[in-house]
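Hello,

Here is the structure I said I would pass on. My notes on what turned up in it follow below.

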Amino acid sequence: MATVTAKISLTSSDLTTDSLSATVTNSLTCTEGGITRKNITATGSGSAVTLAAAADYAVGSYFFVKNCDTTSTDYLIIRSSSADHIQLAGGEWAWFPWVTDADLTVYASTTGTIIEYGIFS
């Protein structure tokens, strides 16, 4: 068993009249996981590429995804079942729990967009 620690910090001194400061840390006990990169050439939902097949992972997995493109208008769209769920502009990322009830697929607004992703369970 391995431990993976996920941490997010949200801070702002000028969003509201009070300063914003929130940090959440979660330590996960995992038996498998890792991060990889892939070049996404699919540019439509009908040709979305499978990133993770639900049958291959245990319920309670966590998913990390990052759009490695530096252009803010080059999007990656993450799908589950037959619906778009997450749209990441260049440089954006997400971390979320995945119940593994459907495959996760991806397509890009621009061919050749690099995705970095990892599944931990």
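Lys38 stands opposite Ile115 in β10. The strands concerned are β3 and β10, which pair in the antiparallel sense over 6 bridges. Please keep in mind that this is a predicted model.

That pair belongs to an open sheet of 4 strands, ordered β3-β10-β5-β8, with antiparallel pairing. At its edges stand β3 (35–40) and β8, each of which has a single partner strand, so one side of each is left without a neighbour in the sheet. From one strand to the next the twist averages 20°.

The largest nonpolar core has 18 residues, and Phe63, Val65 and Ile115 are the ones with the most contacts inside it. Six strands each supply at least two residues of this core: β4 (49–52), β5 (61–67), β6 (76–80), β8 (93–98), β9 (104–108) and β10 (113–120). As background, nonpolar side chains in soluble globular proteins tend to be buried together.

What does Val65 contact, leaving aside its neighbours within four places in sequence? The list is Ile78, Leu88, Glu92, Trp93, Ala94, Phe96, Ile115, Glu116 and Tyr117.

Two loop residues have a positive phi without being glycine. One is Ser81, with a phi of about 60°, in the loop between β6 and β7 (83–88). The other is Thr100, where phi is near 55°; Thr100 is found in the loop between β8 and β9. Are these residues buried or exposed? Ser81 has a relative accessible area of 59%, and because the cut-off for exposed is over 50%, Ser81 is exposed. Thr100 is at 10% relative accessibility, and because buried means under 20%, Thr100 counts as buried.

Now the protein as a whole. There are 10 strands and 0 helices, so the elements, taken from the N terminus on, run β-β-β-β-β-β-β-β-β-β. The C-alpha trace spans about 45 × 40 × 25 Å along its principal axes. Of the 121 residues, 35% count as buried. The protein exposes about 7,000 Å², and carbon and sulfur atoms supply 49% of that area. Among contacts between residues at least 6 apart in sequence, 72% join residues at least 24 apart.

If you open the model, one place to begin is Ile115, which stands opposite Lys38 and is among the residues with the most contacts inside the largest nonpolar core.

Regards

Definitions and conventions:
Residues are numbered from 1 along each chain as its sequence is written. This is a predicted model: local features need pLDDT of at least 70, side-chain atom pairs count only at pLDDT 80 or more; totals for chains, interfaces and linings use all residues. Side-chain values use heavy atoms; hydrogens and water are left out. A nonpolar core is a set of buried Ala, Val, Leu, Ile, Met, Phe, Trp, Tyr and Cys residues joined through side-chain atoms within 4.5 Å. Buried means under 20% relative accessible area, exposed over 50%, partly exposed in between (1.4 Å probe, protein chains only). Contact means heavy atoms within 4.5 Å. Two strands pair if DSSP finds at least two bridges between them. Axes are lines fitted to C-alpha atoms, for helices over the stretch in contact, and angles run from 0 to 180 degrees between N-to-C directions. Accessible areas come from the Shrake-Rupley method with a 1.4 Å probe; for residues, only the protein chains shown count as cover.
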